[in-house]
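This note is intended for a colleague who is meeting the structure for the first time. Please read the points below alongside the sequence and the model.

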Amino acid sequence: MNTPVLMNSSLLLTALIILTPLLSSLTKTTKISATSITHTIKMAFLTSLVPTTTFIYTGTESITSYWEWKPIMSLKIPISLKLDQYSMMFLPTALFVTWSILQFASWYMSTEPNITKFFLHLLVFLMAMLLLTTANNMFLLFIGWEGVGIMSFLLIGWWHGRAEANTAALQAVLYNRIGDIGLILSMAWLASSMNTWELQQIPPTQLPMIPLLGLILAATGKSAQFGLHPWLPAAMEGPTPVSALLHSSTMVVAGIFLLIRTHPLLANNQPALSTCLCLGALSTLFAATCALTQNDIKKIIAFSTSSQLGLMMVTVGLNLPQLAFLHISTHAFFKAMLFLCSGSIIHNLNGEQDIRKMGNLQKMLPTTTSCLTIGSLALMGTPFLAGFYSKDLIIENLNTSYLNTWALLLTLLATMFTATYSLRMTLLVQTGPTRMPPTSPINENNPAIYNPITRLATGSIVAGLLITSFIPPLHTPPTTMPPHMKMAAITLTALGLTLAIELSNLTQSPTPPQPSHMSTFSISLGFFNPLIHRTSSTNLLNSGQKVASHLIDLFWYKKLGPEGLASLQQTMAKTSTTMHTGLIKTYLGSFALTTLIITLLTLN
Amino acid sequence: MSPLHLPFYSTFILSALGLAFHRTHLILALLCLESMMLSMYIALSTWPVENLTSTPMLMPVLMLAFSACEAGTGLAMMVASARTHGSDLLHNLNLLQC
């Protein structure tokens, strides 16, 4: 059978399977429930393995254009889907992770009255994300981009009775909107200069900086780089399945995915690549520093996500899009698993999210804590787990490239801090004395808990090996380097672990540690939120009031027009009123006398 | 004076005398101003017809525009004085506070 036809038809079948619960909820024919939706996504995952396997064994890539939307005759906007290595590898990864998360959510959200609506929201989000990844032109990508942004808003504010959840959802939408300005700028520039939105029709010559800066701004907003990052820790107000799906595996990588798709435009422009590099290095170190002193388990994992996104941005800045995509795929497995383990811990402790009030969970939740340890080891880049294949390659490429030394130092420091906060979280959660009240029953005997977590654990062990075995690399990895460079990642991880053990011993000494500048910076998240949230909006509104209201409305339209004239007249009238004596009869009588005399004079 | 011009002159003189000698309402003065304007308008309109020149045909319309503005201003001031002093009787335009 013709392989592109096979791939496209199985992709359409997968999309139809995912859409089935949504369509049947609209027509209300069959009863849908949480378990039926979970089975649907499992079926979609198995179906999506068909085009992926076809791609792996034959290397077939295809671009399909369906229908054309013709608002104006000169700009053609077809619905065109591209099936290349990125979309073919992302599809089964995303569906596998979604299947596990939906199975977990059927236990986690079991007391929720609107659980079916929650699952349908997650399905709409999944459709938008898959549209984004298979899009071949900027229009379809923009539709998927906006779709994931809106579903993120709806899902973060799922418990909308809670004021902090509404604030966090609004924060997410606003920061994403600032990034959307960049995306729309690039789209407008492309439509006006290249007359196309298809990614293949753009010549990879020297492009001016404006569209590239627009794309980088879009990635900064969606992928929470430094400057537009505060929404990601705040998004932890949503339920844990939402955090696991959106804010670790799929939505936040959309910005990086955009840069991967448009990387031929960036490849020839060294200032744009350096911008990506330095921005990514800054955001990875900032997020890792903030994660060191967090006490909420979900916020630690959120900052860890932000740090890994910075690392992906660094990889894009090194002109290695395939390696960034590899890190996206492997990161999805272990980050989703970390979130699911934290969800299991939180529910079992009856809503406790503070790691200072957890301890000794290794004896009580053995599966969950073992998978937590596996996920942390994969995150740190332990040799031959999933994270190693992407992270170690990135560090090796960093060390052997000609780049900004500051970016290199920051990324290496962030690698060390990754190990530190992971070990701190592990020590405080799993070991040590029990610091929680003994009244909540703790067990994980439900298969809806341990099946997804162990499935994702298997994925985070073998995924790196599987993906790198089947996808040929686009560039030769660095083969020779001095031994200290080769061992740099491992050495830094070991140093980070030592630092974590030293810090935890410090807190148990007789004299409590004094707050230093470093710890204050870390605890207050760099003072970014209070500095930026108040001042920027105050300045904007103040200057708006001065220009629009005071200058234009009150001054130019009023004072220079009617009211100014009136005030001038009033000045003169007030001056001359004192000179009037009010003898109206005398004035009018002299007027009448003059008129009569002139009439009589002209009579002759 | 020709019999054509007599009505114009007499209307104008009588309205001017009416403006000078009104004693009761402010609106009477405004009415007299309007009739002065009306006589001037018709006079200005018949003059180019008499002299068979077409250039001064514009002048009546110009005068009408300015007199309309003036009538509006006069009415606004009458309304303002009616608001502050209660009516437009000239006897009320004083500084008495009781």
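1. The model under discussion is a predicted one. The values that follow should be read accordingly.

2. Two packed helices are described by the angle between their axes and the distance between the axes. In chain A, helix α3 (residues 85-108) and helix α14 (residues 321-348) have axes that come within 11 Å and cross at roughly 0°. Because angles under 35 degrees count as roughly parallel, α3(A) is roughly parallel to α14(A). The contact of α3(A) with α14(A) comprises 17 nonpolar and eight polar residues, with no charged residues.

3. A second pair in chain A is formed by helix α16 (residues 366-380) and helix α18 (residues 405-430), whose axes come within 9 Å and cross at roughly 170°. The crossing angle therefore makes α16(A) roughly antiparallel to α18(A). On the α16(A) side, the residues making the contact are A:T369, A:L372, A:T373, A:S376, A:L379 and A:M380. On the α18(A) side, they include A:T418, A:A419, A:Y421 and A:S422, as well as A:M425, A:T426, A:V429 and A:Q430. By class, the contact of α16(A) with α18(A) has seven nonpolar residues, seven polar residues and no charged ones.

4. How many residues of chain A are in contact with chain B? Seven residues of chain A touch eight residues of chain B. The area buried between the two chains is about 680 Å², and carbon and sulfur atoms give 86% of that area. The side of chain A that touches chain B consists of four nonpolar residues, two polar residues and one charged residue.

5. Across the interface of chain A and chain B, zero salt bridges are found.

Terms used
Residues numbered from 1 in each chain as written. Chains lettered and ligands numbered in written order. Predicted model: local features only at pLDDT ≥ 70, side-chain atom pairs only at ≥ 80, totals over all residues. Heavy atoms only, no water. Axes fitted to C-alpha atoms, helices over the stretch in contact; angles between N-to-C directions. Helix = DSSP H or I, 4+ residues; strand = E, 2+ residues; numbered from the N terminus. Parallel < 35°, antiparallel > 145°, perpendicular 65-115°, else oblique. Nonpolar A, V, L, I, M, F, W, Y, C, P; charged D, E, K, R; others polar. Contact = heavy atoms within 4.5 Å. Buried area = accessible area lost by both parts, 1.4 Å probe. Salt bridge = Lys/Arg side-chain N within 4 Å of Asp/Glu carboxyl O.
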